[in-house]
Amino acid sequence: MRYGSASDGTLPALGGLSLTIQPGESVAVMGPSGSGKTTLLHVLAGILGPTSGQVLWNDRDVARLSDADRTLLRRQDFGFVFQQGMLLPELPAVENVALPLMLGGVRRSEASGRARALFEPLGLAGLERRRPGELSGGQAQRVAIARALVGRPGVVFADEPTGALDQSTSAEVMRHLTALTSHSGASLVVVTHDENVAAWCSRIVRMRDGRIDGAEVQA
């Protein structure tokens, strides 16, 4: 992935990089600022198209899909957890979780039922009608995890999902995120600066200057 051109001397944001993520695997992508880890996440998720190379998902090259097909892929096959949660403040928690399903054409009653089913496993029972402003930071991030999982995605992408949380709340969020993605069979890709967050994942991929600098399988 190159943001400039080779002629202007700009180094590629990603270069010579090969990575395979197995079904149900949790992978933490780590590296210093500017190492390319967020760019990698965006390319894997089809948010950015690579300058060259392939991004294969279920034998389809995501890089060659149309914008409309990539949008559909992200809605149906991928889930996302962001650092700030990105919940809609005017909607109660259960509607925030159900919203992706309703945007995909699922009836409100079915979408709400599937959303509610995730609240107890995430330790959120009884909070379904609270709005984001009435939730703690950890609770709001667990609602965001529910939203990412409600569509039963094949992969969940999490960009610094605990960056705004204290260490104790961060551990709680990662415990729920890794447990529920593993239980559902989804792969998990987490971009993080935090070794404590990475420790929850089954593999750590370390990046430097747009390349993989090492990988560690965790016990």
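Residues are numbered from 1 along each chain as its sequence is written. Because the model is predicted, local features need pLDDT of at least 70 and side-chain atom pairs count only at pLDDT 80 or more, while totals for chains, interfaces and linings use all residues; side-chain values use heavy atoms, with hydrogens and water left out.

The 13 residues of H5 should span 18 Å at 1.5 Å a residue, which agrees with the 19 Å between its end C-alpha atoms; the expected span is 1.5 Å times one less than the number of residues. Of these 13 residues, 12 are buried, so H5 is largely enclosed by the rest of the structure. Here buried means under 20% relative accessible area, exposed over 50%, and partly exposed in between, with a 1.4 Å probe and protein chains only. Among the buried residues are Arg142, Val143, Ile145 and Arg147. The buried part of H5 packs against S4, H3, S5 and helix H6 (167–184), where contact means heavy atoms within 4.5 Å.

The largest nonpolar core has 37 residues, and Val97, Leu122, Val143, Ile145, Val156, Leu177 and Val190 touch the most other members. A nonpolar core is a set of buried Ala, Val, Leu, Ile, Met, Phe, Trp, Tyr and Cys residues joined through side-chain atoms within 4.5 Å. H5 provides the largest share of this core, 7 residues. A second, separate core of 22 residues includes Met1, Leu41, Phe157 and Val191. In soluble globular proteins, nonpolar side chains tend to be buried together. Beyond its neighbours within four places in sequence, Val97 is in contact with Ala115, Phe119, Val143, Ala146, Arg147 and Val150.

Helix H1 (37–44) is likewise largely enclosed by the rest of the structure, because 6 of its 8 residues are buried. These are Lys37, Thr39, Leu40, Leu41, Val43 and Leu44, and their cover includes S1, S4, S5, S6 and strand S7 (203–208). Gly46, which follows H1, has a positive phi near 75°. In the loop between H1 and S2 lies Thr51, which counts as exposed because its relative accessibility is 53%. Leaving aside neighbours within four places in sequence, Thr51 is in contact with Met1 and Arg2.

The largest pocket holds about 790 Å³ of space. Of its 29 lining residues, Leu19, Leu44, Gln54, Val55 and Leu56 are the closest to its centre. On a 1 Å grid over the protein atoms alone, a pocket is an open set of points where a 1.4 Å probe fits, with protein on both sides within 12 Å along at least five of seven lines, and lining residues have an atom within 4 Å of a point. H1 gives the largest share of this lining, 3 residues.

The second largest pocket contains about 630 Å³ of space. It is lined by 23 residues, with Arg74, Arg75, Gln76, Phe78 and Pro100 nearest its centre.

Conventions. Points joined across faces, edges and corners; volume = space filled by probe spheres on them. Helix = DSSP H or I, 4+ residues; strand = E, 2+ residues; numbered from the N terminus.
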